[in-house]
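Dear colleague,

Here is the structure I promised to pass on to you, with its sequence.

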Amino acid sequence: MSTRRNFMGGIGAGLVAATGAKTSAATGDDRPPSLGVEGYTDRLSYRAGDVIGLHVSTIAPQYSLEVTRLGAKSEVVLNQAKLPGALHPIPDKASSQGCGWPVSHQITVPSDWRSGYYNVKLRVVDGGGTFVGRNNRTAEVDLFFIIRPTNPGAGGAILLPLATNTYNAYNNWGGNSLYAYNGRDNLQGHRVSFNRPLAGLFRMWELPFVAWAERQGYTLDYCSNDDLEFHPELLDHYKLVLSVGHDEYWSAPMRDHLETFIGKGGNVAFFSGNTCCWQVRSEEGGRALTCWKQGYSQDPLFPTGDHRTLSTLWSHHLVKRPENQLTGVGFLHGGYHLSHGQFMDGKGAFTAHRPDHWAFEGTGIKAGEPFGGKHTVVGYECDGCEFETKDGLPVPTHRDGTPEGFTILATCPAKWHPDDALWYDHFPRDVSGAPLPGAAVLGTYDRGGTVFTVGTTDWAHGLAGGDPIVERVTKNVLDRLST
């Protein structure tokens, strides 16, 4: 959410160079130019039989690639070497308009590649040069693609759309991201292209969840965010859809299709936070995203008066569609915990309020007891709802869009950073104008199907650390909502 974040995002513009390499132009000597390689795929997701187009740029005459499916185990599925390399220019507007590099290599997806996240490692080696004592210099870089299932939902699989829109929003390769702090000249972009190198954020939150789930024997099918927009028929094959980690940027069609799925009896579990915070609009058939964010008055839709797809906060008073209506919670009444200077002495733990609920079955937890603190399952960014206390228990007011029937099961304090609240005139504030404290809220509601949410990006930390209560709650949700 924040414009202050300074530890995520893509690599800077240019090729990834071998450590210590210097160009002859820079040094005035005869050392070889910096060695590097970069690339991207022509789509985010593929099925068996599809052809993956790789767009690669390198100073080396040849490169190699290794394709690995990441999950409970890393499975190398393809190695190819001595692929012809060529260097291509980086356009000035590469971050917003793409690189425009030609396809340099193609891979036909075999039928035995399971649905999942596939990492592609590109590598170049210069052979050592002619300098005495010089070792071979190597440069390598990662990119990814997703394999969608050949038989969606087979064997009771659960669908996990990966947060690819959020990957792109933080990627500053070629100049700018949707954040000022890691943009060229500290400028915030309002359009980001997928036609440029993108390493992704899969390893930060989704991989720990995926690795745990696969070890536990759950079958997960995978797709990208834009598959919810452009392939909504996928949803017809599943009982349960997941959101994991940091799933921040959603288009209106994505949300429309998932809300229709819920209305027809489908279930969704949001093991994520800062979820569906910003509305984006897909362009070029999903190969670019537009989001004006705080500068919503510059969005071309602003003067039209039709603000339904205005690319700003979903909870903005002009959009009138707070994410609470989908997830039960939202960022306006959440914020940061152990992050951005907020609750930096916090315990990273939820406090249980309704231990008799089915989500806590088998945990043995009691009302008022904390859980998840050892692995800081509440952290970074959090979603909550406006609530009041009745008979000692938190109860939603529903004034913020949280659906009727939403049950708050656990909470943890959270708060916006004051700088993030400056631009939005409807932000909840105290009499001094400072942001009001909020909370990460774990809860659930029913509307056709069941929606469960944890209200924190860092839930997967507890799974990675083997927290028994976090594991049991996750199993309770997956078992109940997928069958």
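Is His357 buried or exposed? This is a predicted model, and in it His357 is buried, because its relative accessible area is 18%, which falls under the 20% cut-off for that class. The residue sits in the loop between strand 19 (350–352) and strand 20 (370–371), where its side chain makes a polar contact with the side chain of Trp358 at 3.5 Å. Leaving aside residues up to four places away in sequence, His357 touches Leu409 and Thr444.

His231 is found in the loop between helix 5 (225–230) and strand 13 (240–246), and with a relative accessible area of 27% it is partly exposed. Again not counting residues up to four places away in sequence, His231 touches Arg148 and Asp226.

Turning to the overall layout, the protein chain is divided into domain 1, covering 37–147, and domain 2, covering 158–482. Their C-alpha centres lie 31 Å apart, and 30 residues of domain 1 are in contact with 32 residues of domain 2. The size of an interface is often given as the accessible area lost when the parts come together. Here the two domains bury about 2,400 Å² between them, with 57% of that area on carbon and sulfur atoms. Of the area that domain 1 buries against domain 2, Leu44, Ser95 and Tyr117 supply 25%, which is more than any other three residues.

The rule finds one salt bridge across the interface of domain 1 and domain 2, while 14 residue pairs are in polar contact across it. On the side of domain 1 that touches domain 2, at least two residues each are supplied by strand 2 (36–41), strand 5 (62–70), helix 2 (94–97), strand 8 (116–125) and strand 9 (138–147). Strand 9 gives the largest share of that side, with five residues.

Arg69 forms a salt bridge with Glu214, in which the closest N and O atoms are 2.9 Å apart. Glu214 is also one of the buried residues of helix 4, the others being Glu206, Leu207, Phe209, Val210, Ala211, Trp212 and Ala213. Because eight of the ten residues of helix 4 (residues 206–215) are buried, this helix is largely enclosed by the rest of the structure. Helix 4 is followed by Gly217, which has a positive phi, near 95 degrees.

The remaining notes concern salt bridges elsewhere. Side chains of opposite charge can pair when their charged atoms come close. By the rule used, the count comes to 17 salt bridges. In one of these, the side chains of Glu284 and Arg191 meet at 2.7 Å, N to O. This pair links distant parts of the chain, 93 residues apart, as Glu284 lies in the loop between strand 16 (278–283) and strand 17 (288–290) and Arg191 in strand 11 (residues 191–193). Glu284 counts as partly exposed, at 44% relative accessibility, whereas Arg191 counts as buried, at 12%.

Within helix 6 (residues 252–263), Arg255 and Glu259 are four residues apart, about one turn of the helix, and their side chains meet in a salt bridge of 2.9 Å, N to O. Arg255 is buried, with a relative accessible area of 0%.

A further salt bridge joins the side chains of Asp299 and Arg281 at 2.8 Å, N to O. Asp299 lies in the loop between strand 17 and helix 7 (324–327) and Arg281 in strand 16, so the pair ties together parts that are 18 residues apart in sequence. Asp299 counts as buried at 1% relative accessibility, and Arg281 is buried too, with a relative accessible area of 19%.

Finally, Lys121, Arg123, Glu140 and Asp142 are linked in a network of salt bridges.

With best wishes

Conventions. Residues numbered from 1 in each chain as written. Predicted model: local features only at pLDDT ≥ 70, side-chain atom pairs only at ≥ 80, totals over all residues. Heavy atoms only, no water. Domains from an automatic or database assignment. Contact = heavy atoms within 4.5 Å. Buried area = accessible area lost by both parts, 1.4 Å probe. Salt bridge = Lys/Arg side-chain N within 4 Å of Asp/Glu carboxyl O. Polar contact = N/O pair within 3.5 Å; in protein donor to acceptor, adjacent residues only side chain to side chain. Buried < 20%, exposed > 50% of the residue type's maximum accessible area, 1.4 Å probe, protein only.
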